[in-house]
Amino acid sequence: MSAGDVFVIPCLSDNYTYLVRCHETGTTAIVDPGEAGPVISALEDRGWSLDIVINTHHHNDHIGGNAELIARYGAKLIGPKAETMRIPGMDQTVAEGDEVMIGALSGQVFDVPGHTSGHIAFYFPAVSALFSGDSLFALGCGRLFEGTPAQMWQSLQKFRNLPGETLVYCGHEYTQSNARFAATIETGNVALKARCAEIDDLRARGIPTIPSRMDKELATNPFLRADHASVASDLGMEGATATEIFAEIRGRKDRF
């Protein structure tokens with residue numbers, strides 16, 4: 001039996017925020033609330049209060065609901081130490097190697113610069129959940145607004161040793177577009193072709209594609225596969241470094 005639950009809450013136009021509940025203590029947290037309204041509705045539907053707000057990075061579509069939720073529930077705000085000056089009112093700042101507690105649920109913090117310079121991610125093994133914000137997406141990765149390809153490649157590698165059953169809870173419903181792009185990178189990837197069909201079916205029925213699984217990402221996400229010979233071959237970049245191949249893939253996605 002799981003030690004807690006994670007609930008997917010759509011917000012804004014294509015964002016997701018995540019409600020996390022510890023079974024043992026009843027402690028409840030929200031991850032990256034882009035707006036407050038959908039979170040309040042989800043809490044009221046369940047008869048819950050809110051104890052903790054967690055942010056992965058400073059972009060407004062991930063912190064826009066902070067102030068209203070904190071004012072309404074008196075929740076504690078936890079976020080990246082490297083973005084202290086960019087996220088107002090943090091009660092606890094964390095960086096790689098730190099631990100975040102949601103009741104009895106322990107979360108590991110990763111520094112994952114690339115999308116923003118101070119971006120972090122959270123892994124909670126007891127609920128098999130990685131909250132990746134805008135670093136790792138299902139079949140994609142975040143645009144490099146403040147970091148370099150080398151930084152993002154190093155950041156994404158930190159996720160590759162997580163258990164295959166880890167559920168990836170990312171910041172946006174970008175999966176269908178990401179799938180179309182991924183299919184242009186690895187044209188012979190059979191697992192990717194099957195996943196593209198599965199994603200099209202889910203979206204046709206209005207079902208979120210999130211969470212995804214880490215083992216599926218490792219098998220199909222081109223941004224995690226920049227060091228695979230099949231990717232280098234498909235791109236005509238045999239002999240290039242993984243960082244060079246990652247940069248090429250990211251550049252192509254930016255123009256896609």
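Is Asp32 buried or exposed? In this predicted model, Asp32 is buried, with a relative accessible area of 3%. The four residues, Asp61, His62, Asp134 and His172, carry the feature "binding site" in an unreviewed UniProt entry. They are spread over 112 residues of sequence, yet cluster in space, with a largest C-alpha distance of 10.6 Å.

**Annotated site**
- From this set, Asp61, Asp134 and His172 belong to the lining of the largest pocket.
- Asp61 sits in helix H2, which covers residues 60-63.
- Beyond its neighbours within four places in sequence, Asp61 is in contact with Leu12, Asn15, Gly34 and His172.
- His172 is found in the loop that runs between strand E13 (167-170) and helix H5 (175-185).
- With a relative accessible area of 4%, His172 is buried.
- When residues up to four places away in sequence are not counted, His172 touches Asp14, Asn15, Tyr16, Asp61, His62, Asp134, Phe137 and Ile210.
- The side chains of His172 and Asp134 are also joined by a polar contact of 3.4 Å.

**Open sheet**
- Six strands make up an open sheet with mixed pairing, in the order E1-E2-E3-E4-E5-E6.
- The edges are strand E1 (4-11) and strand E6 (92-94); each has a single partner strand, so one side of each is left without a neighbour in the sheet.
- On average, and with direction ignored, neighbouring strands of this sheet are turned by 20° against each other.
- Strand E3 (residues 28-31) and strand E4 (residues 52-54) run parallel and are joined by three bridges.
- In this pairing, Val31 of E3 stands opposite Ile54 in E4.

**Backbone features**
- Most residues other than glycine have a negative phi, and most peptide bonds are trans.
- Asp32 has a positive phi, near 55°, and lies in the loop between E3 and helix H1 (37-46).
- Ser128 also has a positive phi, near 50°, and its place is the loop between strand E9 (120-124) and strand E10 (129-133).
- Whereas Asp32 is buried, Ser128 is partly exposed, with a relative accessible area of 24%.
- The peptide bond from Ile210 to Pro211 is cis, with omega near 5°.
- Pro211 lies in the loop between helix H6 (190-204) and strand E14 (212-213).

Conventions: Residues are numbered from 1 along each chain as its sequence is written. This is a predicted model: local features need pLDDT of at least 70, side-chain atom pairs count only at pLDDT 80 or more; totals for chains, interfaces and linings use all residues. Side-chain values use heavy atoms; hydrogens and water are left out. UniProt positions are given in the numbering used here, feature names are shortened, and annotations may be inferred rather than shown by experiment. On a 1 Å grid over the protein atoms alone, a cavity is a set of points where a 1.4 Å probe fits but cannot get out, and a pocket is an open set with protein on both sides within 12 Å along at least five of seven lines; lining residues have an atom within 4 Å of a point. Helices (H or I, at least four residues) and strands (E, at least two) are DSSP runs, numbered from the N terminus. Contact means heavy atoms within 4.5 Å. Buried means under 20% relative accessible area, exposed over 50%, partly exposed in between (1.4 Å probe, protein chains only). A polar contact is a pair of N or O atoms within 3.5 Å; within protein, one must be able to donate a hydrogen and the other to accept it, and residues adjacent in sequence count only if both atoms are side-chain atoms. Two strands pair if DSSP finds at least two bridges between them. Axes are lines fitted to C-alpha atoms, for helices over the stretch in contact, and angles run from 0 to 180 degrees between N-to-C directions.
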